[in-house]
2 protein chains.
Amino acid sequence: MPITIADVAKHAGVSKTTVSRVLNGKGELNAATAARVRQVIAELGYVPSAGAVGLARGRTQIVGMLVPSLTWPWIGQVLQGVVDVVEAEGFGLLLFTCNRGEESLRRFAQQVSAKSFDGLLVIEPEGTLDYITELHQAGLPVVLIDDRGHQPIFPSVATTDRSGGASAARHLLELGRRRPVVVTGPESFGCVQDRLAGFADEYAEAGHPLPPEHVLLGDFTFEQGRSAVGRLLASGASFDAVFAQNDLSASGALLALREAGLRIPEDVAVVGFDDVPLAAYSEPALTTVHQPLREMGDAAARMLLAHFKGTPLPTAAEVLPTHLVVRDSTRSRT
Amino acid sequence: MPITIADVAKHAGVSKTTVSRVLNGKGELNAATAARVRQVIAELGYVPSAGAVGLARGRTQIVGMLVPSLTWPWIGQVLQGVVDVVEAEGFGLLLFTCNRGEESLRRFAQQVSAKSFDGLLVIEPEGTLDYITELHQAGLPVVLIDDRGHQPIFPSVATTDRSGGASAARHLLELGRRRPVVVTGPESFGCVQDRLAGFADEYAEAGHPLPPEHVLLGDFTFEQGRSAVGRLLASGASFDAVFAQNDLSASGALLALREAGLRIPEDVAVVGFDDVPLAAYSEPALTTVHQPLREMGDAAARMLLAHFKGTPLPTAAEVLPTHLVVRDSTRSRT
DNA sequence: CTGAAAGCGCTTACAG
DNA sequence: CTGAAAGCGCTTACAG
């Protein structure tokens with residue numbers, strides 16, 4: 001029932017080869033025949049079957065994307081950046097998550113072996129870096145969207161975690177804050193180390209080295225941000241700023257401070273990291289280090305698609321800059 | 001280089017037909033040969049090419065999903081529900097958005113014609129319902145995840161908008177609130193009408209009909225929620241509760257109330273709708289009507305996949321219940 | 001129980 | 001400039 005290249009050929013009175021040629025613009029062909037074929041294609045509303053084309057050409061025109069989960073607030077931004085580029089180039093995006101652990105990964109591996117896509121974009125599900133590296137070495141084009149500071153041996157897109165941390169520090173120093181507290185993320189993440197190093201170095205250089213007890217190990221959750229700061233307050237520690245390494249834990253910190261009756265930013269200024277939508281809607285609105293999530297998705301997709309067209313994949317990571325977004329959590333309202 | 005069914009056949013000393021049969025478990029076959037073939041498959045790590053299988057069978061084992069955008073806070077939940085089911089059944093999920101308007105839709109239409117997927121799950125991008133209806137009538141299996149209260153003529157999954165609105169009303173009535181204000185979403189949405197009707201009816205029945213000037217037309221944004229309530233306060237209107245029809249505008253309402261120095265919930269209680277993560281992190285934490293987003297994605301995917309296995313698609317919408325989640329915006333803290 | 005052959009809908013040397 | 005034929009990697013009647 002659906003119309004095929006054979007139908008078009010018959011209607012136009014030419015061979016399938018010729019139809020294929022006008023479709024793909026390959027080889028010389030008589031302008032008149034080409035026009036006639038195009039005419040028939042339009043009349044019949046013919047569109048080549050993606051599957052058949054893929055089989056014949058050995059390429060699917062599909063890019064795969066593997067993400068840990070879809071329910072994190074910032075994943076959508078990255079995904080949107082990816083989808084926009086992929087769609088604009090006429091590719092499809094096949095999405096995989098690791099939500100069901102081992103089982104998910106096994107399914108995903110099957111799809112890789114089944115050649116369901118031509119290349120892979122990945123935000124690394126925890127503990128799968130070795131596996132991804134293998135895929136790359138086995139010849140699958142892979143671009144990592146590196147939110148963890150992995151610095152892998154294959155192409156990747158990352159952001160300036162270190163200078164992002166530094167910018168938070170400089171901002172707080174300019175506001176005269178001398179005794180900051182840092183709430184980190186999981187310590188195994190490279191980005192956590194980088195953000196901390198950038199922040200700590202800046203304070204050290206300014207002559208106010210960060211005391212170890214002012215670095216609180218967190219896990220990027222709201223609850224942990226709240227309890228870490230809550231406990232610190234209860235212990236009677238004195239501090240005038242909090243740098244939480246993601247917005248969720250920064251929001252938790254805001255709550256702990258409000259619960260303690262402290263004024264933000266007068267008593268304690270707070271800076272987050274990421275700039276997810278939540279940051280703008282918290283109380284008070286959160287100053288944060290903006291991560292160019294959408295641009296990272298965008299850049300990764302472009303890199304992969306360019307590779308399909310012959311541009312070699314870059315060996316060094318493409319690093320996109322963060323920038324500080326100042327809101328009420330560090331700027332007293334007039 | 002990649003290994004094919006022919007390689008397996010050769011190594012096992014059988015025909016491709018036989019290999020295909022053990023792969024698909026079709027037809028009677030000698031237990032010994034089957035075992036030998038399986039052995040070879042395992043040794044070679046053979047996985048059938050998805051594209052070739054799709055072409056031969058006329059089915060892709062891929063479900064398409066069309067969404068308006070990926071950056072809305074609740075889309076990720078629905079998507080995760082969908083992906084979990086789709087992956088568990090060994091299908092792939094091909095994702096499309098309408099972020100680039102007409103152009104996106106044209107690209108999408110191409111993929112439909114190219115038979116890139118067997119069936120479609122859709123959260124309707126505004127103004128595309130007619131197009132989707134056409135696709136369904138043209139024979140494409142479609143299930144709508146109906147967040148707008150469309151009640152389409154094809155299979156869909158929806159939620160109890162009306163009784164969700166009613167539950168918000170009953171809760172506020174129980175708290176003794178007699179003069180509520182409603183901040184709606186875009187009035188063209190069926191869900192907006194339903195939520196309002198459920199809410200208004202409950203108040204009318206309780207003997208406190210909603211005055212028209214207490215129904216504020218909104219657009220589901222934070223800023224609109226804030227300004228609508230802000231203006232109402234400035235006008236000197238008196239009210240003791242706000243029912244905002246999504247969490248984002250409810251957060252905006254919270255901000256307007258805080259800015260006016262009102263206590264929440266003592267002076268004004270606030271109820272939202274959706275129960276996105278933001279709701280739990282707002283100040284104060286927001287009481288809201290939980291929408292079973294993940295379950296909706298889950299149910300839609302199951303419906304579509306069941307159809308592939310022969311179960312007819314239901315004609316009536318599958319309606320999943322909302323439930324009220326009570327937090328501090330209506331419950332005074334002790 | 002098993003295989004040879006045709007077919008799915010394209011593309012791509014190879015001839016002419 | 002154009003077409004017949006082989007091939008991409010599978011599945012599925014049809015024979016035996």
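This is a predicted model: local features need pLDDT of at least 70, side-chain atom pairs count only at pLDDT 80 or more; totals for chains, interfaces and linings use all residues.

1. Chain A can be laid on chain B with an RMSD of 0.1 Å, by a turn of 180 degrees and a shift of 0.0 Å along the axis; that is the relation of a two-fold axis. Within chain A, the C-alpha nearest this axis belongs to A:L94, at 2.3 Å from it.

2. According to the unreviewed UniProt entry, residues 3–57 of chain A carry the annotation "domain: HTH lacI-type". Over residues 3–57 of chain A, the chain is 71% helix and 0% strand, and the end C-alpha atoms lie 20 Å apart.

3. A search of the whole structure returns 22 aromatic pairs over all chains. In the pair of B:F96 and B:F108, the ring centres are 5.1 Å apart and the planes stand at 70 degrees, which is over the 60 degrees required, so the pair is classed as edge-to-face. The pair links distant parts of the chain, since B:F96 belongs to strand 2 (residues 92–97) of chain B and B:F108 to helix 6 (residues 102–113) of chain B, 12 residues apart. B:F96 counts as buried at 3% relative accessibility, and B:F108 is likewise buried, with a relative accessible area of 0%.

4. In chain A, one aromatic cluster is formed by A:F96, A:F108, A:F117 and A:Y131.

5. Contacts between a charge and a ring also deserve a comment. A:R195 lies over the face of A:F273, at 3.8 Å from the ring centre, and in chain B the charged end of B:R195 sits over the ring of B:F273, 3.8 Å from its centre.

6. Finally, which residues cover the two faces of strand 5 (residues 156–159) of chain A? On one side are A:S156 and A:A158, on the other A:V157 and A:T159, and all of these are buried. Strand 5 of chain A runs parallel to strand 4 (residues 142–145) of chain A, to which 2 bridges join it, and A:V157 is the bridge partner of A:I145. Strand 5 of chain A also pairs in the parallel sense with strand 11 (residues 318–320) of chain A, over 3 bridges, with A:T159 standing opposite A:L320.

Methods: Residues are numbered from 1 along each chain as its sequence is written. Chains are lettered from A and ligands numbered from 1 in the order in which they are written. Side-chain values use heavy atoms; hydrogens and water are left out. UniProt positions are given in the numbering used here, feature names are shortened, and annotations may be inferred rather than shown by experiment. Helices (H or I, at least four residues) and strands (E, at least two) are DSSP runs, numbered from the N terminus. Rings of Phe, Tyr and Trp (its six-membered ring) pair if their centres lie within 6.5 Å; planes under 30 degrees apart count as stacked, over 60 as edge-to-face and the rest as tilted. Buried means under 20% relative accessible area, exposed over 50%, partly exposed in between (1.4 Å probe, protein chains only). A charge sits over a ring if NZ of Lys or CZ of Arg is within 6 Å of the ring centre and within 35 degrees of the ring normal. Two strands pair if DSSP finds at least two bridges between them. Copies are superposed by least squares on the C-alpha atoms of residues with pLDDT of at least 70 in both.
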